[in-house]
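Dear colleague,

I am passing on the structure below, and I would be grateful if you would look through it alongside my notes.

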Amino acid sequence: MSELAGVYLAAHTPRYCTRAAAFEGMLAHPDFGPLRDGLVEQGHHLRARKPDVIVINSCHLVSTFSTLVDGTARHRGTLTAQEAPDLIAGVEFDFPGDRDLASALVARGKSEGHLCGLVDDVHYPLDYGTVMPLVCYLDPAQSIPVVPISVTLMNDLEECFRWGRYIVRTLRESGRRGAFVASGALSHRLVRGPEKWPLPEDRERDARFASLLALGEYEAAREWLPEFADAVSAEMGGRHLAMMVGVLEEAGFAFDATVHAYGPSSGSGNYAISFAPSDSMIL
Ligand SMILES: [Fe+2]
C-alpha cells in the first residue's frame, strides 16, 4: 500500500473558504460556484481515501529563515483572519496533530542540511490557508491528524521541491498513509474586485501548468515552474507548487488526477485538483 493516500492542490481564498460558502453555498458571484463545488468534491475525494495524516503547506503559514513543521499535539483555537476579518471571524477549530511525524520530518530536514525547526506550542497561530480548507471542505469532522509546514521565504523552489521529497520519505518510513495538501493559488496578480479573473494569458499559463500535472508530466512541471511562477506572479513564488511537485515525483508512481475546477478571486487563478495513486483502492 502506498505511503500517499492522495495529493491535493486546494484553494483557500476567503471567497470560497467561509462557513457560509462551504455549508450554505452562499457566494457573492455566480463565477465562484464551480470552484466551490469542486472543493466540496475534493473533500469527498480525500475522506474516501482515509489518510492517517494530512501534511499541509499553506501559502499563508509564512516563515522567513527556517522551515517550520508544526508538531503540536492538538491544534485548537479560534481564527479571525488577519487579512479578512469581515469574511473569516471567530472560526473555532480543534483537530489532532502528529508530533512523531513532524519530529521525524524535521530530523530529516536537518540531516539534509536545511535550517528547520519543530513547533510544539498550543499558542502557535494557524493561518486561514491552513485552517479553512480543512474545516470547510477537506475534514469538517476535524478527526484526521494534521501537520502544517511553513512556506519559507528564504527557500528557493529547489529547496521547496526537496522538502516535498522529504515528506514522502518520512511518511514511507513512518508506515503512515498521508495526504499532502498544497494550499494556494497559481496566478496571483491581485486586483480589487473579488469576481475578477486572471488575465487571459495567465489563465492560459495556469491551464498549461495544470495540464502538465494532470498528465503526470511532473519533471516537465518542475522544470517550467520557475519561468511559470515568474510569468504569472504565482502565489508565494510557487513554493507550495514546488513542494507538491516534489511529493508527486518522489512517490515514483503514476497518479490519476481529477481537475475539479478552476476559479477566480480578485485576479488570482485557483484550482482544485486531486491526485490518487493509480492503483489505489478506496478502502
Ligand atoms: Fe492566499
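At what angle do helix α6 and helix α7 pack, and how far apart are their axes? This is a predicted model, in which local features need pLDDT of at least 70 and side-chain atom pairs count only at pLDDT 80 or more, while totals for chains, interfaces and linings use all residues. Residues are numbered from 1 along each chain as its sequence is written, and side-chain values use heavy atoms, with hydrogens and water left out.

Helix α6 (residues 200–214) packs against helix α7 (residues 218–232) at about 160°, with the axes 9 Å apart; helices here are DSSP runs of H or I with at least four residues, and strands are runs of E with at least two, and axes are lines fitted to C-alpha atoms over the stretch in contact, with angles from 0 to 180 degrees between N-to-C directions. The pair is therefore roughly antiparallel (over 145 degrees). Residues making the contact (heavy atoms within 4.5 Å) include Arg 205, Phe 209 and Leu 212 of α6 and Ala 221, Trp 224 and Phe 228 of α7.

Leu 212, in helix α6, is buried at a relative accessible area of 17% (buried being under 20%, with a 1.4 Å probe and protein chains only), and beyond its neighbours within four places in sequence Leu 212 touches Glu 217, Ala 220, Ala 221 and Trp 224.

The iron ion is coordinated by His 12 (NE2), His 60 (NE2) and Glu 235 (OE), at 2.0 to 2.1 Å; donors are N, O and S atoms within 2.8 Å of the metal (3.2 Å for Na, K and Ca), and since water is not among the atoms, sites may look incomplete. His 12 lies in the loop between β1 (4–10) and α1 (19–24) and His 60 in strand β2 (residues 53–63), so the two tie together parts 48 residues apart in sequence. His 12 is also buried, at 3% relative accessibility.

Conventions:
Parallel < 35°, antiparallel > 145°, perpendicular 65-115°, else oblique. Buried < 20%, exposed > 50% of the residue type's maximum accessible area, 1.4 Å probe, protein only.
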